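Student: I have a structure open and I'd like to learn how to read it. Can you walk me through a few features?

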Amino acid sequence: MKNDMRITYPLWQMAGIFIIMGFVLLVGYAATVNTFSDGGFGFEISMSGNSGILLNAMMVIVVFYLLLFCLRIAKHNKRMPKHKISMTTYKPQEYLEDDELFQDVTKQATKKVYTYFAWALPVMAGVYLMLPISKTWMIVGVLLLAAGQYWIYYRTIRKFMSSV
């Protein structure tokens with residue numbers, strides 16, 4: 001199981017989430033949405049000063065991340081042909097279902113994530129209803145929840161793998 005990317009896959013997902021979060025924050029602060037009396041709306045992004053440089057830097061980071069991620073998946077698939085990772089399936093790739101022991105660990109990690117969402121989503125919804133939070137920060141909150149999900153899953157699997 002050493003060098004199995006399925007174990008570190010949640011960390012890769014978290015990195016992607018944080019990159020998306022950077023875009024959301026950048027666009028959230030640089031964009032304005034105008035609504036018109038006839039029901040239409042306009043979306044305008046005004047990049048000035050450092051915003052343009054940051055947007056270009058984010059694009060470079062995205063391309064670098066995607067390239068690195070795809071190369072890492074290709075390397076994993078070549079090294080472990082029985083445990084290939086496919087980016088085109090709906091089933092999360094970090095599930096370890098090789099035998100009954102890994103199925104049980106995956107089930108435990110999934111239960112922890114479910115419990116996390118069972119508490120975090122209602123709390124977040126309550127906070128969003130009570131406080132005047134912008135759409136940008138609402139999206140950032142949802143992305144932080146997603147990153148937390150992957151962290152919980154990774155930590156549970158890692159704890160098991162360190163004891164094996």
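This is a predicted model: local features need pLDDT of at least 70, side-chain atom pairs count only at pLDDT 80 or more; totals for chains, interfaces and linings use all residues.

Student: How do I read a helix crossing? At what angle do α1 and α4 cross?

Tutor: Start with the terms. Helices are DSSP runs (H or I, at least four residues), numbered from the N terminus. Axes are lines fitted to C-alpha atoms, for helices over the stretch in contact, and angles run from 0 to 180 degrees between N-to-C directions. Here, helix α1 (residues 5-30) and helix α4 (residues 135-163) have axes that come within 9 Å and cross at roughly 165°. That makes α1 roughly antiparallel to α4 (over 145 degrees; under 35 is roughly parallel, 65 to 115 roughly perpendicular, the rest oblique).

Student: And which hand does the crossing of α1 and α4 have, left or right?

Tutor: A crossing is left-handed if the near helix is turned anticlockwise from the far one by less than a right angle, and right-handed if clockwise. For α1 and α4 the crossing is left-handed.

Student: How do α1 and α2 cross?

Tutor: The axes of α1 and helix α2 (residues 50-79) come within 10 Å, crossing at roughly 165°, so these helices are roughly antiparallel. Their crossing is left-handed.

Student: What about α3 and α4?

Tutor: Their axes come within 9 Å and cross at roughly 155°, so α3 and α4 are roughly antiparallel. This crossing is right-handed.

Student: Now single residues. Is Val113 buried or exposed?

Tutor: Buried means under 20% relative accessible area, exposed over 50%, and partly exposed in between (1.4 Å probe, protein chains only). Val113, in helix α3, counts as buried because its relative accessibility is 11%. Lys159 sits in helix α4 and is exposed, at 61%. Phe64, in helix α2, is exposed too, with 53%.

Student: How far is Lys159 from Val105?

Tutor: Their C-alpha atoms are separated by 9.9 Å, though the two residues are 54 apart along the chain. For Phe64 and Leu131, 67 residues apart along the chain, the C-alpha separation is 37 Å.

Student: Last one: which residues form the nonpolar patch on the surface?

Tutor: Like charges are joined within 9 Å, and nonpolar side chains (Val, Leu, Ile, Met, Phe, Trp, Tyr) within 5 Å. In this model, Val123, Val127, Leu129, Met130 and Leu131 form the patch, with about 540 Å² of accessible area together (Shrake-Rupley method, 1.4 Å probe; for residues, only the protein chains shown count as cover). Met130 belongs to helix α3 (residues 100-130) and counts as exposed, at 67% relative accessibility.

Definitions and conventions:
Residues are numbered from 1 along each chain as its sequence is written. Side-chain values use heavy atoms; hydrogens and water are left out. Patches are made of residues with over 30% relative accessible area and no salt bridge: like charges are joined within 9 Å, nonpolar side chains (Val, Leu, Ile, Met, Phe, Trp, Tyr) within 5 Å. A salt bridge is a side-chain nitrogen of Lys or Arg within 4 Å of a carboxyl oxygen of Asp or Glu. Helices (H or I, at least four residues) and strands (E, at least two) are DSSP runs, numbered from the N terminus.
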